[in-house]
Amino acid sequence: MQALSVLIPVYNFDVKPLAASLSAQLSRLQHPFEIRLIDDASALEYKKINEEVENIQGVKYYVLENNIGRSKIRNILAKEALYENLLFLDCDNEILSENYIENYSLQIAKGYEVIVGGTAYQKSKPKDKAFLLHWKAGKYKEEKTATIRNEHAYDSFTLNNMLIKKSIYLSIQLDESITTYGHEDSKFGYELQQKQVALLHVDNFVCHIGLNSTENYLHKSLQAVDNLCRMIKNERTGTHTKLYKAFNFLKIYRLRAVFGLFYKIFKPIIYKNLYSQNPSLILLDVVKLHRMNSNF
């Protein structure tokens, strides 16, 4: 395999197991590599936990005093990376395969400029119901095989577990005006499509183990809807999403007011379900649709 820069933004998570697993696999292949970590102003307890990560072979670890956001920190990581092949990972992942890095090396040889490995979630649902909504949404909405993702390759694009050429990344970069959670990857995928960059999805999953509580997950989900609305208003990107198509249906058939009234009446019941032992993903979509309906 060619030289590789693994780039991981860190925020309030113990990244040592992930870094150690990657280092072990990369060391086995005996090619030049670096694992570049930047902590985006985590809480002090996590800064102390992750201090030891510098002892892992190949790791370069930096700590920021002020939080700069998901987009800007990834742009910095890409600019500072030593090598042409960049592998982006979120810090709250677990490597599932002993051949994870080797699997990517086989795909690089085929000439693809962007390769996305996919995100999986733990097979068994969490015992604490506070994390059930995030797990269920991830398991049934995000965890998709490469065959399914390749049907709409650019729409299925995610930053997590993405291998990309540095020259391609720097020719686009993430939109640093998006400082809150959500849809910065949607815009990046759109830019890849516009530039006709070759994109391949493969089954080389990592497991997302950092679940958010229902309260935090809903907060981030609504932030993502707000970002999507701004993209649609300002740049006309994001109109391909299922959420916007649902909103457009309400708009065309003049159902926006009716939907708003429905939501107002049933909101307590909807939220009670989302915090329950069996949260409905349809009702999660209803909450997102209401947020979009309120934004326009």
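1. Two strands pair if DSSP finds at least two bridges between them. On that basis, strands β5, β10 and β7 form an open sheet of three strands, in the order β5-β10-β7 and with mixed pairing. The edges are β5 (93-95) and β7 (119-120). Each has a single partner strand, so one side of each is left without a neighbour in the sheet. The model is predicted, and the points below should be read accordingly.

2. The pairing of β7 with β10 can be given in detail. Strand β10 covers residues 206-208 and pairs with β7 in the parallel sense. Two bridges join β7 and β10. Thr119 has Val206 in β10 as its bridge partner.

3. Now the overall picture. The chain has twelve helices and ten strands. Its radius of gyration is 20 Å, close to the 19 Å that the globule rule gives for 296 residues, so the chain is as compact as a globular protein of that length. The C-alpha trace spans about 60 × 40 × 35 Å along its principal axes. Of the 296 residues, 48% are buried. Among contacts with a separation of 6 or more, 80% are between residues 24 or more positions apart.

4. A second open sheet has seven strands. Their order is β3-β2-β1-β4-β8-β6-β9, and the pairing is mixed. Here the edges are β3 (59-63) and β9 (199-201). Each of these has a single partner strand, so one side of each lacks a neighbour in the sheet. On average, neighbouring strands of this sheet are turned by 20° against each other, direction ignored.

5. Which way do the side chains of β8 point? In a regular strand the side chains alternate between the two faces of the sheet. Strand β8 (residues 162-165) sends Met162 and Ile164 one way. Leu163 and Lys165 point the other way. All four names belong to buried residues, Lys165 included.

6. Strand β8 has two pairings worth checking in the viewer. With β4, the sense is antiparallel and there are four bridges. Leu86 stands opposite Ile164 of β8 there. With β6, the sense is again antiparallel, over three bridges. Val116 has Met162 in β8 as its bridge partner.

7. Next, the β9 end of the sheet. Strand β6 (residues 114-116) pairs with β9 in the parallel sense. Three bridges link β6 and β9. Val116 stands opposite His201 in β9. Val116 therefore deserves a look from both directions: its bridge partner in β8 is Met162, and its opposite residue in β9 is His201, as pairing is read from bridges.

8. Helix α1 (residues 16-29) lies across β1 (4-10), β2 (33-39) and β3. Its direction is at about 165° to β2. Helix α3 (residues 70-80) has Ser71, Ile73, Arg74, Asn75, Leu77 and Ala78 buried. These buried residues of α3 pack against β1, β2 and β4 (85-88). They also pack against helices α7 (166-172) and α8 (184-194).

9. How do α10 and α12 pack? Helix α10 (residues 242-252) and helix α12 (residues 281-295) pack at an angle of about 65°. Their axes are 10 Å apart. The crossing is right-handed. From α10, the contact takes in Leu243, Tyr244, Ala246, Phe247 and Leu250. From α12, it takes in Asp285, Lys288, Leu289, Met292 and Asn293. By class, the contact residues are seven nonpolar, one polar and two charged.

10. Two backbone values call for a check. Gln30 is not a glycine, yet its phi is positive, at about 60°. Gln30 sits in the loop between α1 and β2. The relative accessible area of Gln30 is 72%, so this residue is exposed.

11. The second case is Arg254. Its phi is near 55°, a positive value in a residue other than glycine. Arg254 lies in the loop between α10 and α11 (256-274). Its relative accessibility is 75%. With exposed set at over 50%, Arg254 counts as exposed.

Technical notes. Residues are numbered from 1 along each chain as its sequence is written. This is a predicted model: local features need pLDDT of at least 70, side-chain atom pairs count only at pLDDT 80 or more; totals for chains, interfaces and linings use all residues. Side-chain values use heavy atoms; hydrogens and water are left out. Axes are lines fitted to C-alpha atoms, for helices over the stretch in contact, and angles run from 0 to 180 degrees between N-to-C directions. A crossing is left-handed if the near helix is turned anticlockwise from the far one by less than a right angle, and right-handed if clockwise. Contact means heavy atoms within 4.5 Å. Ala, Val, Leu, Ile, Met, Phe, Trp, Tyr, Cys and Pro count as nonpolar, Asp, Glu, Lys and Arg as charged, and the others, Gly among them, as polar. Buried means under 20% relative accessible area, exposed over 50%, partly exposed in between (1.4 Å probe, protein chains only). The radius of gyration is taken over C-alpha atoms; the globule rule is 2.2 Å times the number of residues to the power 0.38.
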